[in-house]
Amino acid sequence: MAIGNLFAAGGVVMWPLLGFSLLGVALIIERVIFWVKINSRQNRIVRDVLKLYRLDNVVGALDKLQANTDLPMSRIFLAALELEEPTPEEFRLALESEAQAEIPILKRFQNIFETIVGLAPLLGLLGTVLGLISSFASLDIGDVGGTKTTGVTAGISEALVSTASGLVVAIFTLLFANTFRGLYQRQIAWIQEYGGQLELLYRRRYERGDKSYTPST
């Protein structure tokens with residue numbers, strides 16, 4: 001059966017399911033691009049920054065971070081490193097505050113994905129109910145095998161197609177939503193790990209009395 005015929009057979013609930021599927025695909029593409037960009041560059045850049053900072057090349061570390069401000073970790077590090085002569089406590093608070101500010105960016109669209117996963121099967125179930133109602137409305141016990149059986153068949157077809165469509169949309173969205181959730185959790189772990197390393201390096205510099213703020217221009 002062609003896709004157009006399947007869509008027509010699914011009844012009225014196919015329209016919101018189509019909307020959910022288009023919205024889900026658009027948001028999935030955006031998130032895939034977002035995470036590919038982060039995973040392909042961020043760890044390498046952060047390791048380079050930590051290496052520069054460990055070698056007391058603060059200006060070089062800042063320049064590298066400022067050249068990559070599209071990455072969450074760069075923005076987190078800059079929030080602390082651009083402070084002028086902070087205490088270790090102020091440095092830690094700056095890291096933590098900026099990390100909290102990055103969380104909504106990392107979790108963007110998660111609520112929408114959860115809504116689609118929850119509502120798509122319910123819409124499929126609604127289509128099932130509407131299809132069965134249509135089937136029973138067309139059923140005539142005295143006309144078995146007659147012309148009215150066409151309405152019964154159409155109602156059953158609507159019930160099955162709408163149920164399958166709702167499940168397909170939900171399963172497809174859930175697969176990517178769980179993948180993005182895993183990437184988010186791994187990113188949080190890296191933020192804690194790399195942030196802790198930077199804080200430790202700063203504390204050592206602070207105890208030695210070194211300057212670690214951005215030089216005046």
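What pattern does the protein chain follow when read along the sequence?

1. Overall fold. In this predicted model, the protein chain reads α-α-α-α-α-α-α along the sequence, and it accordingly contains seven helices and zero strands. Among the contacts in the protein chain with a separation of 6 or more, 76% are between residues 24 or more positions apart. Of its 217 residues, 37% count as buried.

2. Confidence. The average pLDDT of the protein chain is 88, and 88% of the residues score at least 70.

3. Nonpolar cores. The largest nonpolar core holds 38 residues, of which Trp-35, Phe-77, Leu-81, Leu-106 and Leu-198 touch the most other members. At least two residues of this core are supplied by each of helix 2 (14–54), helix 3 (58–66), helix 4 (72–81), helix 5 (88–106) and helix 7 (149–208). Another core, of 10 residues, lies apart from it and includes Leu-17, Phe-20, Leu-123 and Val-169. As general background, nonpolar side chains in soluble globular proteins tend to be buried together.

4. Packing of helix 4 and helix 5. The axes of these two helices come within 8 Å and cross at roughly 155°, which means that helix 4 is roughly antiparallel to helix 5, the cut-off for that description being an angle over 145 degrees. The crossing of helix 4 and helix 5 is right-handed. On the side of helix 4 the contact is made by Pro-72, Arg-75, Ile-76, Phe-77, Ala-79, Ala-80 and Leu-81, while helix 5 contributes Phe-91, Ala-94, Leu-95, Glu-98, Ala-99, Glu-102, Ile-105 and Leu-106. Phe-77, Leu-81 and Leu-106, which take part in this contact, are also among the residues that touch the most other members of the largest nonpolar core.

5. Asn-68. This residue lies in the loop between helix 3 and helix 4. Is Asn-68 buried or exposed? Asn-68 counts as buried because its relative accessibility is 11%, the limit being under 20%. Once neighbours within four places in sequence are left aside, Asn-68 is in contact with Arg-41, Ile-45 and Ser-74.

6. Arg-204. Located in helix 7, Arg-204 has a relative accessibility of 45% and therefore counts as partly exposed. Although Arg-204 and Arg-54 are 150 residues apart along the chain, their C-alpha atoms are separated by 9.9 Å.

Conventions:
Residues are numbered from 1 along each chain as its sequence is written. This is a predicted model: local features need pLDDT of at least 70, side-chain atom pairs count only at pLDDT 80 or more; totals for chains, interfaces and linings use all residues. Side-chain values use heavy atoms; hydrogens and water are left out. A nonpolar core is a set of buried Ala, Val, Leu, Ile, Met, Phe, Trp, Tyr and Cys residues joined through side-chain atoms within 4.5 Å. Buried means under 20% relative accessible area, exposed over 50%, partly exposed in between (1.4 Å probe, protein chains only). Helices (H or I, at least four residues) and strands (E, at least two) are DSSP runs, numbered from the N terminus. pLDDT is the predictor's confidence in each residue, from 0 to 100. Axes are lines fitted to C-alpha atoms, for helices over the stretch in contact, and angles run from 0 to 180 degrees between N-to-C directions. Angles under 35 degrees count as roughly parallel, over 145 as roughly antiparallel, 65 to 115 as roughly perpendicular and the rest as oblique. A crossing is left-handed if the near helix is turned anticlockwise from the far one by less than a right angle, and right-handed if clockwise. Contact means heavy atoms within 4.5 Å.
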